[in-house]
Amino acid sequence: MHLNYHFLKFLCPELDSSFQGFQIRSCFSQNKDELVILLQKDEQTACIRANLLPIYSCLSFPKDFKRSKKNTVNLFDEWIGQEVHSITPLNYERAFTINLKSGDVIIFKLHGTRSNILYYKSSEEYPIKIFRNEIREDLEILKDSLSVQLDLSFERFNELAGNASKFLPTLGKIPREWLKSQGYIDADLNTKWSLIQEVQDRLESPLFSIVQLGGEYHLSLLPEHSVIFQSSKAIEACNELFRYRVVVQTFHKEKAKWVRQLEDQLKKSQAYIQKTEEKLLELLDQNSPAQKADVLMANLHQIPRGAVSATLFNFYTNQEEEFSWKQGVSPQKVAENFYRKSKNRKIEINQLEENLRAKERLVEQLQEQRSELLTIEDFKSLRQFVKDNNFTHTAKSQEETVPFKRFEIDSFEVLVGKSAKANDELLRRYAWKEDLWLHAKDVSGSHVLIKYKSGIPFPSQVIEKAAALAAYYSKNKNESLAAVIVTPAKYVRKAKGSAPGAVMVDKEKTVLVIPQDPASI
């Protein structure tokens, strides 16, 4: 209610008494939608600070204001040297005027997200300047048009069938909620009239309270139980509300944002740990491919030349086991492939264990940071904490500049182009020659990159999952089975003059996969 007529009619007489005879010494802005007016009378200084951000508008009246040496701009040069004659509220309107001795008028129009400051020359009916230039329609507001005359008689109340918002549109949210709590909606006309009279009487009491509703701070003129601050002085209440809204509330929002960011990182890291532990257990529970290689090598003398299968006794499992391979491939070559897979399996297990330890250390660090962050109660400490921990904003605007979606498959980073142009940028700026490139065969779709990890071959399950993503982000999304091209990025090139996303592939192999969305991979 601090921008409400019922408060302004208390605030303006105090401002009039405090600022009358003061001269405007400077007028400037150093933050978006914030105007600061510095005034002086003899040795006394005063200040009007109007924060007219669309998310919330606030006024404050500090004794002095330290102007920044940079990022500041002078405004309304016509005001400089002019003397304040009077400050008056506009009748039943969320606005007040600063009347200058020259006859010029400054109107503070406090209409929520449409708040503005209008400047009228004494001889002009329309404003010659406005503070928020984007609200162009304010240039059409006549000087005397904002003031309202209301008929507050019972006859009019009766004509409006007891509609409180139409009868007294200046009430504001808190008084309307009070009326609802008193059963106003279902009451008869006479009871409603009594309640309207009572709420008006309550609004005449010059006692101003700051309360917290829904995580935000509000000024109330009604008797309140849970009061954060209370005063009978309107300027003092206004200044305190400004502090709570602009400083305290902003601090809590900033702190909550960093807490959420830490908790998001914690949640993702803990999910990664769980998934990695499951994958590790799965690998450790499987028999090593080296065992099959040992069985083949131990029984080479039993396998006829040119055979493509053999039933051999596996001395690791104590069971007969069927082995088969392609025509023209020797059992020795099959055993060699099994040994290679076993070596890769060991590398993958070691990598998973290393990643797991790193994530566990990260979780411990994030938990410590969150505990420390929750104890911080002021902006200075918060900003020092953010600086010390090298926190960065994860703004959507920054994320949108990246031409790809990012996924992680079994500790491998996978990038998926967002559009045809993004595919070109992905290949040009983010692909390395040893990365693996994937694309749905013969249809349009996203380019997919599996980022190379030094010394670690691409596991087949990673390739299959990435191929399933490539199929999903293509026109084959709804097919039961889709062909996907797989090749090192060094074999993919952009032909001069080709359409966005179109490329030439010099060497490729194809895999068949079921298209899968990221949530199921």
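**Ground rules.** I am reading a predicted model, where local features need pLDDT of at least 70, side-chain atom pairs need 80 or more, and totals for chains, interfaces and linings use all residues. Residues are numbered from 1 along each chain as its sequence is written, and side-chain values use heavy atoms, leaving out hydrogens and water.

**Helix H1.** I looked up H1, residues 5-19. Helices here are DSSP runs of H or I with at least four residues, strands are runs of E with at least two, and both are numbered from the N terminus. H1 reaches 20 Å from first to last C-alpha, close to the 21 Å expected. That expected span is 1.5 Å times one less than the number of residues. At the N-terminal end I found Asn 4 as a cap, with a side-chain oxygen 2.7 Å from the backbone nitrogen of His 6. Just after H1, Gly 21 takes a positive phi of about 90 degrees.

**Burial.** I noted buried residues in H1, including Tyr 5, Phe 10 and Phe 19. Buried means under 20% relative accessible area, exposed over 50%, and partly exposed in between (1.4 Å probe, protein chains only).

**Salt bridges.** I counted a side-chain nitrogen of Lys or Arg within 4 Å of a carboxyl oxygen of Asp or Glu. The count came to 24. Arg 406 pairs with Glu 413 at 2.1 Å. Arg 406 is exposed at 52%, and Glu 413 is partly exposed at 30%.

Next I checked Lys 494 and Asp 424, which meet at 3.1 Å. They sit 70 residues apart, with Asp 424 in helix H11. Lys 494 is partly exposed at 36%; Asp 424 is buried at 15%.

Definitions and conventions: Polar contact = N/O pair within 3.5 Å; in protein donor to acceptor, adjacent residues only side chain to side chain.
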